Amino acid sequence: LPLGARIVQAITFVRLLRELRKADVIVSFAMYHIVSMFSGRPYLAFSTGADLHEIAMESTTRGWLMRRAFHRASSVHASYDPVSRENATKLKLQISAPFLIPWEIPAQPAPFGDREGPINVFMPSRQDWGEPGSSQLAKGNDRFIRAWARRVKEGWASSMIIVEYGGHVQATKDLVEELGVAEHVRYVPRLNQSNLQRFIEEADLVADQFDQGTPGILALQSMASGRAVSIYWDEFSSLFAYSEIPPVLNGNSEEALYAALKACASRQDLQARGRAGYEWMTREYGRRKLREQLRLSVSMVTGVPLGQ
């Protein structure tokens with residue numbers, strides 16, 4: 001970074017550290033685990049994914065700091081997905097409780113309105129098929145595209161919108177051409193939040209990621225909007241975090257995704273799955289549940305009983 005940017009960064013760090021030292025307990029997310037460690041105050045480390053999946057495993061100064069920050073935390077909260085569990089074991093960390101990403105649930109799901117024509121599939125996730133050494137950290141988009149193309153070539157009336165984002169965009173375009181379904185696919189540039197929400201609401205099915213086994217923001221946003229979601233969601237992990245398995249089109253292989261698309265093919269089926277997903281989000285991510293999760297976590301550190 002240029003000298004001026006480094007100075008601004010240092011000033012920001014010092015100011016944040018000063019504020020954190022006023023707290024009784026800190027709830028930290030992602031890179032804030034490191035600054036929380038320097039505050040001298042007790043802190044709860046809530047993993048948002050990349051901090052435990054990738055950064056803590058780096059052979060860098062940043063990686064060393066993140067590992068130390070996790071070990072110094074009063075408690076570690078993370079998804080129970082396979083990567084988080086495996087890395088926590090490698091780092092000798094104990095995941096105290098699952099972490100559910102806070103998400104605002106609207107009073108009602110987005111209306112469907114009157115719809116005709118092909119089933120609209122929207123794929124906003126980063127085009128990342130995976131690279132050597134990045135097992136279970138990619139999106140695996142190509143698996144879904146292959147499964148979807150098989151259904152289209154069988155006569156299923158469906159179109160797909162793919163966001164041009166990620167390192168495998170050209171590979172995706174080449175694959176679509178190779179599979180002979182290019183006339184059914186449209187590409188759009190990377191979207192801001194308002195346009196992303198609009199495309200989600202216009203979709204019948206949102207295709208997320210098929211490698212990691214845990215939901216991210218896209219899946220939660222889509223389900224909260226009342227739209228059906230296709231994703232790989234590790235059901236074993238779900239048993240630790242949720243009262244029931246989410247109603248998604250689940251799979252992490254072409255065959256599993258093909259079967260899911262075949263079993264839930266009509267617009268009515270997808271709308272029913274979307275409504276079920278909204279109800280699931282209301283139960284599992286409602287304000288009351290997340291508030292209780294946070295209060296319980298803080299009480300573990302402060303010793304103050306719930307409700308005080």
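Strands S3 and S4 pair in the parallel sense over 2 bridges. Pairing requires at least two DSSP bridges between two strands. Strands (E, at least two residues) and helices (H or I, at least four) are DSSP runs, numbered from the N terminus. The model is predicted: local features need pLDDT of at least 70, side-chain atom pairs count only at pLDDT 80 or more, and totals for chains, interfaces and linings use all residues. Residues are numbered from 1 along each chain as its sequence is written, and side-chain values use heavy atoms, without hydrogens or water.

Val 76 has Ile 95 of S4 as its bridge partner. The two strands belong to an open sheet of 4 strands, ordered S1-S2-S3-S4, with parallel pairing. S1 and S4 are the edge strands, each pairing on one side only. Neighbouring strands of this sheet are turned against each other by 40 degrees on average, direction ignored.

Strand S2 (residues 43-46) pairs with S3 (residues 75-77) in the parallel sense over 3 bridges. Phe 29 stands opposite Phe 46 in S2. From S1 the chain passes through helix H2 (residues 32-37) to S2, a right-handed β-α-β crossover. Right-handed means that, with the strands pointing away from the viewer, the path from the first strand over the helix to the second runs clockwise.

In a regular strand, side chains alternate between the two faces of the sheet. In S2, Tyr 43 and Ala 45 point one way, Leu 44 and Phe 46 the other, and all are buried. Buried denotes under 20% relative accessible area, exposed over 50%, and partly exposed the range in between (1.4 Å probe, protein chains only). Ser 28 lies in strand S1. Its relative accessible area is 1%, so Ser 28 is buried. Beyond residues up to four places away in sequence, Ser 28 touches His 33, Ser 36, Tyr 43, Leu 44, Ala 45 and Phe 46. Contact means heavy atoms within 4.5 Å.

Helix H5 (residues 82-90) has Pro 82, Val 83, Ser 84, Asn 87 and Ala 88 buried. The buried residues of H5 pack against helix H3 (50-53), strand S4 (95-97) and helix H10. Just after H5, Lys 92 adopts a positive phi of about 60 degrees.

The structure holds 9 aromatic pairs. Among them, Trp 233 and Trp 280 have ring centres 5.4 Å apart and planes at 85 degrees, so this pair is edge-to-face. It links distant parts of the chain, 47 residues apart: Trp 233 is in the loop between strand S9 (228-231) and H10 (235-241), Trp 280 in helix H12 (residues 267-284). Rings of Phe, Tyr and Trp (its six-membered ring) pair if their centres lie within 6.5 Å; planes under 30 degrees apart are stacked, over 60 edge-to-face, the rest tilted. Trp 233 is buried at 2% relative accessibility, and Trp 280 is buried at 0%. Trp 233, Tyr 242, Trp 280 and Tyr 285 form one aromatic cluster.

Charges also sit over rings. The charged end of Lys 173 lies over the Tyr 187 ring, 5.1 Å from its centre. Arg 190 lies over the face of Tyr 165, at 3.8 Å from the ring centre. The criterion is NZ of Lys or CZ of Arg within 6 Å of the ring centre and within 35 degrees of the ring normal.

Key
Axes are lines fitted to C-alpha atoms, for helices over the stretch in contact, and angles run from 0 to 180 degrees between N-to-C directions.
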